[in-house]
Amino acid sequence: MRPLHLVPAALYWLLGNGQPMGVAAGTALMFALRYLVARWAVTPLLGGHERWIVASLAAVLVAWPGAWMGRYSAAQATAVLVFVILGACIRLYARWQWRWMLVCVGGVFALLCVYQALALCLLALPLLALLWRPLGPASEGAPALPVREAVRVAVSLTIGALAYGIYAFVVTRNLGSGGYEAGLAGDAARLLTVNGLSSHIVQAYTTGFGNGSQVLPVLLLLGAAMLAPAVIALKQQRQRILLTLLTLVLILALPLCSMIYVSEAHIRDVDRVLFPLTTGFVLVCISLLAWVREIPGARVGRPVASAIVAVLLVSALLSAVEVRRYAVIQRSVLKQTISAIQNRKPASVLLVDTTGSLGDVYTFLNPTLGDALANRGFPIPASICTPVPVDRFHPVARRFPFEATPRCDKAPAMAAPTLVLTAGWNNGKIEIRP
């Protein structure tokens, strides 16, 4: 169902010649592409500081930690594609042109063939297109809704989605519907009941905005900073209330974009849920800024724009630092494990983790320690287990939830001779010893 899913990962592999540095190079490339493509996409609607702000938003995807993770290379690529599609839709909105229709159709088909997480964001584009006709000065009132223009956008998006639907039907009919996607689809059956659907919606909001998250306040503050000049510039109280309420409603509706994750486990995963949520926020900001662009005095000034971009960059930096923490742990564990292997030449490795922190999704979830060793030239099986008295501190695995590591007394048998290593704390750092 995702025939192009591994293309971005292959690009990372080529950029790094098969080494992990390719992930860093590919991630940097995706950041640059999102900025440039989003800036191109909104040019017919926005200019000046507004274009700078939304392009930065698109590059950073504020609050989404997956922007710094190699495992989300497919998602990163679809984020670029969604802004390509947006640019084509904006140009179709202005005037029907076959080339932009084809770009839109091809972009939708390619996006769905890579990763479908942004499907509901695409579904929202025709509705957001109703805001692309600017609100006139206060004395002119609200213009008529651009229904015909929005229909042009909807038709092009629908053709692309139908093309993918035909492909999916043919594939499942000829190759069967088993495997990963079939498991997810089976889990979706609960959404056909009122209780199941309402529970799914509640979980989407809990994951996106709840659990002590600062995502909602950050998005509300960013939205307020961008649209406050327009609210102040509007003379009619009714228009002020309308713009304020519309901004609030659209931001509060963003977790609905993540309902594409029909699996009960995936809808609990912050790294997944925040991807369509934050991408949808960029689309909402673009549309609202386009709606108020012709109101005198509504433009965002340089000081405010600079402050917003600075906040975005700081937010991205904090997210990167948090993700880097996992990389530091991985690098240390891998280096010490390789040192132990070189001295003893075992057939397999069992790492007994007394810290309770290893074996989580981003701290060598089994069997990725063996994969990492193979990448470094030591192709031997490796596994991590946790002793019975030790609490497993696996915050990422707990989201789903699943048991990331077995207890050591129930660890599967491994090829002999097995090198048993123990991981423990030493002055706040993980130390591995025989």
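Cys385 and Cys408 form a disulfide in this predicted model, with their sulfur atoms 2.1 Å apart, where a disulfide is a pair of cysteine sulfur atoms within 2.5 Å. By this rule the count comes to one disulfide. The link of Cys385 and Cys408 is right-handed, with 90° about the S-S bond. Cys385 lies in strand 2 (residues 382-385) and Cys408 in the loop between helix 15 (395-399) and strand 3 (418-426), so the bond ties together parts that are 23 residues apart in sequence. Helices (H or I, at least four residues) and strands (E, at least two) are DSSP runs, numbered from the N terminus. Cys385 is buried, at a relative accessible area of 0%, whereas Cys408 is partly exposed, at 24%. Here buried means under 20% relative accessible area, exposed over 50%, and partly exposed in between (1.4 Å probe, protein chains only).

A further cysteine, Cys89, is in no disulfide; the nearest cysteine sulfur, that of Cys104, is 3.7 Å away. For Cys104, that separation from the sulfur of Cys89 is too far for a bond. Cys89 is buried, with 0% relative accessibility, and Cys104 is buried too, with a relative accessible area of 0%.

As for the conventions, residues are numbered from 1 along each chain as its sequence is written, and side-chain values use heavy atoms, leaving out hydrogens and water. Because the model is predicted, local features need pLDDT of at least 70 and side-chain atom pairs count only at pLDDT 80 or more, while totals for chains, interfaces and linings use all residues.

Helix 3 (residues 48-60) has 13 residues and reaches 19 Å from its first C-alpha to its last, close to the 18 Å expected; the expected span is 1.5 Å times one less than the number of residues. Of its 13 residues, 10 are buried, so helix 3 is largely enclosed by the rest of the structure. Among the buried residues of helix 3 are Glu50, Arg51, Ile53 and Val54. Their cover includes helix 2 (21-42), helix 4 (73-94), helix 10 (215-233), helix 12 (270-291) and helix 13 (302-344), counting as contact any heavy atoms within 4.5 Å. Just after helix 3, Leu61 takes a positive phi of about 50°. Helix 4 has 22 residues, which should span 32 Å, and its end C-alpha atoms are 33 Å apart, which agrees. Here 19 of the 22 residues are buried, so helix 4 is also largely enclosed by the rest of the structure.

Attention now turns to a loop residue. Thr363 is placed in the loop between strand 1 (348-353) and helix 14 (368-375), and Thr363 is buried, with a relative accessible area of 4%. Leaving aside residues up to four places away in sequence, Thr363 touches Tyr326, Ile329, Gln330, Ser357, Leu358 and Ile384. The C-alpha atoms of Thr363 and Ala290 are separated by 43 Å, and these residues are 73 apart along the chain.
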